[in-house]
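Please open the model in your viewer and keep the sequence panel beside it. We will go from stop to stop, and at each one you will get something to select.

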Amino acid sequence: MFTDAQLAQYEEQGAVTIDSPFTTEQLDRAEAAWDRLKKNGDEPYEDPDYIEVIQHPYFEEVAKKLLRAQAVHLWWGLAPHERASAKPPYANSRDQWASGCHVDIQATLEDFEATPRRMRAELWFWLNDVPTHRGAMRILPGSHRSIMEHWSRVLQPEHKAQLPRVHGLRPAPVPENAAAFPEYIPDMGVPPWTEREPIPVVARRGQILVLCSAGLHSAWQNEDTVPRKAMGTSWVATGVPCGLPKNQRDAVMAFLPKLRSKLRSERAHIVPDNFDWLFESNYQPKWAETFLPS
Ligand SMILES: [Fe+2]
């Protein structure tokens with residue numbers, strides 16, 4: 001169901017929405033699990049219906065094709081994700097994009113084009129419809145390639161060797177109290193990143209957004225009366241080392257073994273049994289190439 005044309009769209013635009021094989025009954029169960037977890041705040045791995053979603057073979061198959069890998073495993077098993085209804089007045093689109101646009105992953109174009117791909121496969125599974133006004137995520141198609149090309153150009157070899165890593169960055173101006181300061185994503189051409197026109201990632205219930213968050217994207221205010229409901233996982237090719245900030249790395253190392261203990265034995269391989277692949281990568285020490293004078 002994840003076609004070659006969709007893979008090509010991911011490579012060119014940094015995002016593609018694909019169908020999934022889940023039935024209405026399965027989606028109802030998954031959405032009910034999402035509702036329960038949100039209501040009682042339990043750990044996601046305690047809910048068998050959530051486990052059924054995360055261990056469904058389809059996500060693993062999509063990740064393998066996306067990452068051009070024989071074997072993949074979870075990088076992160078996201079908790080149920082909510083984009084709650086916002087109260088008016090709503091900020092205008094320009095301001096939402098200018099203040100919210102960012103990247104989460106730092107990697108070079110060589111990382112992205114390698115086999116297996118040295119990138120995180122981020123799969124957002126939508127449990128209800130995502131029309132534009134229900135806080136549909138905004139993305140800037142193609143920005144992932146320009147930005148990864150920039151990292152290919154400017155980063156020192158010893159820093160390239162420490163990619164891919166989760167490293168949230170945004171275009172200038174970066175607030176002085178932000179963890180990334182003074183790092184930023186320089187403008188490339190006109191108009192500046194913050195003045196470009198992003199597109200909403202709309203979807204039907206049961207579809208999956210395949211995202212490369214090395215490109216610019218932004219959360220968006222939900223102007224609907226119901227929340228946007230998602231479950232997400234992210235995956236990496238087996239044997240590809242990845243960096244995470246200390247707090248996120250600690251959380252993954254606490255979460256994944258608990259998740260693994262709940263999986264059916266024939267699905268346990270989707271959670272790695274060690275963390276040799278997961279190195280610590282923080283905002284300190286700074287890499288000077290990430291805040292060159294523009
Ligand atoms: Fe993000």
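**Before you start**

This is a predicted model, in which local features need pLDDT of at least 70, side-chain atom pairs count only at pLDDT 80 or more, and totals for chains, interfaces and linings use all residues. Residues are numbered from 1 along each chain as its sequence is written, and side-chain values use heavy atoms, with hydrogens and water left out.

**Stop 1: the iron ion**

Select the iron ion together with H102, D104 and H217. The ion is coordinated by NE2 of H102, OD of D104 and NE2 of H217, at 2.0 to 2.2 Å. Donors here are N, O and S atoms within 2.8 Å of the metal (3.2 Å for Na, K and Ca); water is not among the atoms, so sites may look incomplete. Along the sequence, the donor residues follow the spacing H-x1-D-x112-H.

Now colour the strands. D104 sits in strand β4 (residues 103-106) and H217 in strand β10 (residues 217-218), so this pair ties together parts that are 113 residues apart in sequence. Helices (H or I, at least four residues) and strands (E, at least two) are DSSP runs, numbered from the N terminus.

Buried means under 20% relative accessible area, exposed over 50%, and partly exposed in between (1.4 Å probe, protein chains only).

**Stop 2**

The largest pocket holds about 500 Å³ of space. It is lined by 26 residues, and those closest to its centre are H102, D104, R120, W124 and H217. The elements giving two or more residues to the lining are β3 (81-83), β5, β7, β10 and β11 (228-237).

For the terms: on a 1 Å grid over the protein atoms alone, a pocket is an open set of points where a 1.4 Å probe fits, with protein on both sides within 12 Å along at least five of seven lines, and lining residues have an atom within 4 Å of a point. Grid points are joined across faces, edges and corners, and the volume is the space filled by probe spheres set on the points.

**Stop 3**

Select H167, which is found in strand β7 (residues 165-169). H167 is buried, with a relative accessible area of 2%. Leaving out residues up to four places away in sequence, H167 touches V103, D104, I105, Q106, E183, N282 and Y283; contact means heavy atoms within 4.5 Å.

Next, pick S234 in strand β11. S234 is buried at 3% relative accessible area. Beyond its neighbours within four places in sequence, S234 is in contact with H73, L74, W75, W76, R120, A121 and E122.

**Stop 2**

Centre on M119: among the residues it touches are Y10, F112, M148 and W235.

**Stop 3: helix α4 and its end**

The buried residues of α4 are Y58, F59, E60, V62, A63, L66 and L67. Just after the helix, R68 takes a positive phi of about 50°, although R68 is not a glycine. R68 lies in the loop between α4 and β2 (72-77) and is partly exposed, at 30% relative accessibility.

**Stop 4: cysteines and cis bonds**

How many disulfides are there? The count is 0, a disulfide being a pair of cysteine sulfur atoms within 2.5 Å. For C101, the nearest cysteine sulfur, that of C212, is 15 Å away. The sulfur of C242 is 13 Å from the closest one, in C212, too far for a bond.

Finish with two cis peptide bonds. One runs from T115 to P116, with omega near -5°, and P116 is in the loop between α6 (109-113) and β5 (121-126). Another joins Q284 and P285, with omega about -5°; P285 is in the segment after β13 (278-280).
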